[in-house]
Amino acid sequence: MVLFLLMFLTPLGYAAYLSLFQERLIGGTTFVGLDNYVTALKDPLLRDGVLRVAAFFVIQVPLMLLLALLFALALDSGLLRLARVIRLGIFVPYAVPSVVATLMWGYLYGPDFGPFAQLGEKFDLPVPHFLSDGWMLGSLANVVTWEFVGYNMIILYAALRTVPQELYEAAAMDGAGPWRIAWSIKLPALRPALLLTLLFSVIGSFQLFNEPKLLQDIAPDVIDSSYTANLYAYSLAFTGQQVNYAAAVSFLLGLVIVIFSYVVLFTANRRRTS
Amino acid sequence: MLAVLAYFLLPLFWLAVASTKSTQDLFTSFGLWFSRSPQLLENIRETVTHDDGVFLHWLLNTVLYSVGSALGAALLAAAAGYGFAKYRFRGNNAAFSLVLGAIMIPTTALAIPTYLLFAKVDLVNTPWAIVLPSLVSPFGLYLMRIYAEDAVPDSLLEAARIDGAGEMRIFCTIALRLLAPGLVTVVLFTLVATWNNYFLPLIMLNDPRLYPVTVGLSSWASQAVGGGSGANSNMLALVTTGSLLSIIPLVIAFLLLQRYWQSGLATGGVKQ
C-alpha cells in the first residue's frame, strides 16, 4: 500500500508542483501559478493533438469492439470448425510487443518492399500510399486494431462462457432463434465486460504514443512531434527541455482521460437503468 | 472466418519470411514468399553478434525486468487484494476506490513525472527505474481482490486462527496457495505489460547496455531508415530477425499457459 501510494501519488503530486513553475533564462525558476495551464489550454499544437486522438478514438474503438464482439459471438455459437485455432490465431497479436507490431506494419505499408506495393506493381493496380497524410490515421488505427481485437475478444468470450446453459435451453423452448438469443440473452450478459473493454480502450487510445513514435522514423513529414498529445508531452520534456510545461501537459492529459472515462462510465450506467 | 484468421496471421508470416532474407533480397524479392537463398541462420548469427552481442544483452534485460516486476507485482497485488477482501479496516472503501481510480490514470501520463522524480533521486538509468513503477498494478490488485473473496473461505482463516497461526503465517501458507491460479494470471499480464513496455524504458534509460529489447530494436530500426550505408547496410535484416526472435518467447508462454489466463480474465471481466 505504501509502495502503491509512493508510485502513484508522488509523481502526481510532483507533477502538479512542477507545473506551477517556469524556468526563465534570467532569474532561474520562478513560481508562476497556473500560467502553464493557461498556455497549455491555448496551445494550438496540444489542441490538435488531443483532437486527433479523439478522432482516432471515434474511428478505431467502435470498429475494434464491434469486431471483437462479432468474433466472440461467432466463437461462442459453436458452429465454427477449428474454433480453437481461430481463437488463438486472433489472440496471438496481443503477445507481440507494440514496437514489433508497428515496425512490422510499417514495413508492410512501405512503398519500397511492402508486399502491398509489390502486388500493386505486378498487377498495375494503384495502391494507396498508406503512410501519406490522409491515410496515416487509418493506418495507425489498423495497427492498433490488429493488436487488441484478440485481447478484447478473449474478455468478451470469457464472459459469454459464464452464461448458464439453461438460459439458452429455456429460450429455445420459448421459440427463440439463434439471432434472438444473441440479441436478448448474450448481449445483455456481455454488458459489464463490454464496459470494461470500452474503458481500457479509452485509456489506451488517449495515450497513443508507441505507434506514432515509431512510424515517425518512416514518415517524418506526416507525423510531427505533436502528432498526438502524449507525443507532444514527450517531445516537450526531452527535446524541448521544457520540463515544467511538459508536467503541466501530462497532468492535463491525465485529467482529460479520467474525465472521459467517467463520462463513458456514467452514460453507460444511465442507459442501463433507464 | 478464414479470411479473418489470415488478416491476423499474415503480418507474422511476413515477418517469419522476411527474417530469412538478406537486406538486398528484402527489396528485390516478393515480400510474402521466400527468396532463392534463405539465410535464417546467418541472420540470427549476425543479429546475436552485432555490436558485441548487444542484442543478447537486451533480451536478458527484458527477461530480468519483466520477470522481476511480474513476480513482485503479483505478490504485492495478492497481499493487497487479500487484505482488501478479508480485513475490515478504516478507510477500506475509500482506499479501494482510490485504487479503481488509479486504473484510469494512464501510465504514460505518469511516466514523465516519474522520470522527473527519479532524476532527482538518481534512479534514472538504473534497472530500478523500470522495475519500481511496474511493481504497482492496480488492475492486478482489483483482480486479486475479487479472486480472494471467492477463493479463500473465511471459515478456513478462522480455523487457522484458532489453531494459533499468526496472520503472516496464514497468508503465506494458506492464502497464497489458494490464490495461485489468480496469481498466474496477474504474473502473466504484468509480464506482458513490462515485456512490451516501450515508453518507460525509452525515457528512463540512455545506456544501450541497459535497454530492453523493445527500445533496442527501435533504435536499430531508426538506424536502418537513416542509413542503409556503410556499417548499417545490413540493419534492416537485423531488425526483422531481431523482431522475430523477441516475440517467440511470449507467444510460447501464452500458448502454454492459456488455461490460466483465460479463467483469470473471466473472473475480472464478469464481476464488476
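Q: A residue is buried if 20 or more other C-beta atoms lie within 10 Å of its own, exposed if 12 or fewer, and partly exposed in between, with C-beta atoms placed from the backbone; what percentage of the 272 residues of chain B counts as buried?

A: The share in chain B is 44%, and in chain A buried residues make up 43% of 274. This is a predicted model, in which local features need pLDDT of at least 70 and side-chain atom pairs count only at pLDDT 80 or more, while totals for chains, interfaces and linings use all residues. Residues are numbered from 1 along each chain as its sequence is written, and chains are lettered from A and ligands numbered from 1 in the order in which they are written.

Q: How many helices and strands does the secondary structure of chain A come to?

A: Helices (H or I, at least four residues) and strands (E, at least two) are DSSP runs, numbered from the N terminus. Chain A has 12 helices and two strands, and along its sequence the order is α-β-β-α-α-α-α-α-α-α-α-α-α-α. Chain B has 14 helices and zero strands.

Q: Which residues of α9(B) are buried?

A: An α-helix has 3.6 residues a turn, so residues three or four places apart point the same way. In α9(B), the buried residues are I170(B), F171(B) and A175(B). They lie on the same side of α9(B) because they cover an arc of only 95° around the axis, taken from the directions from the helix axis to the C-beta atoms. R169(B), T173(B) and R177(B), on the other side of α9(B), are exposed. Helix α9 of chain B spans residues 167–178, 12 residues in all, and reaches 15 Å from first C-alpha to last, close to the 16 Å expected (1.5 Å times one less than the number of residues).

Q: At what angle do α5 and α10 of chain A pack?

A: Axes are lines fitted to C-alpha atoms, for helices over the stretch in contact, with angles from 0 to 180 degrees between N-to-C directions. Helix α5 (residues 98–109) and helix α10 (residues 210–218) of chain A pack at about 40°, their axes 9 Å apart. Residues in contact have C-beta atoms within 7 Å. On the α5(A) side, S98(A), V99(A), T102(A), L103(A) and G106(A) meet N210(A), E211(A), L214(A), L215(A) and I218(A) of α10(A).

Q: Where is Q216(A) placed?

A: Q216(A) belongs to helix α10 of chain A. Q216(A) is partly exposed because 18 other C-beta atoms lie within 10 Å. The C-alpha atoms of Q216(A) and Y232(A) are separated by 13 Å, and these residues are 16 apart along the chain.

Conventions
Contact = placed C-beta atoms within 7 Å.
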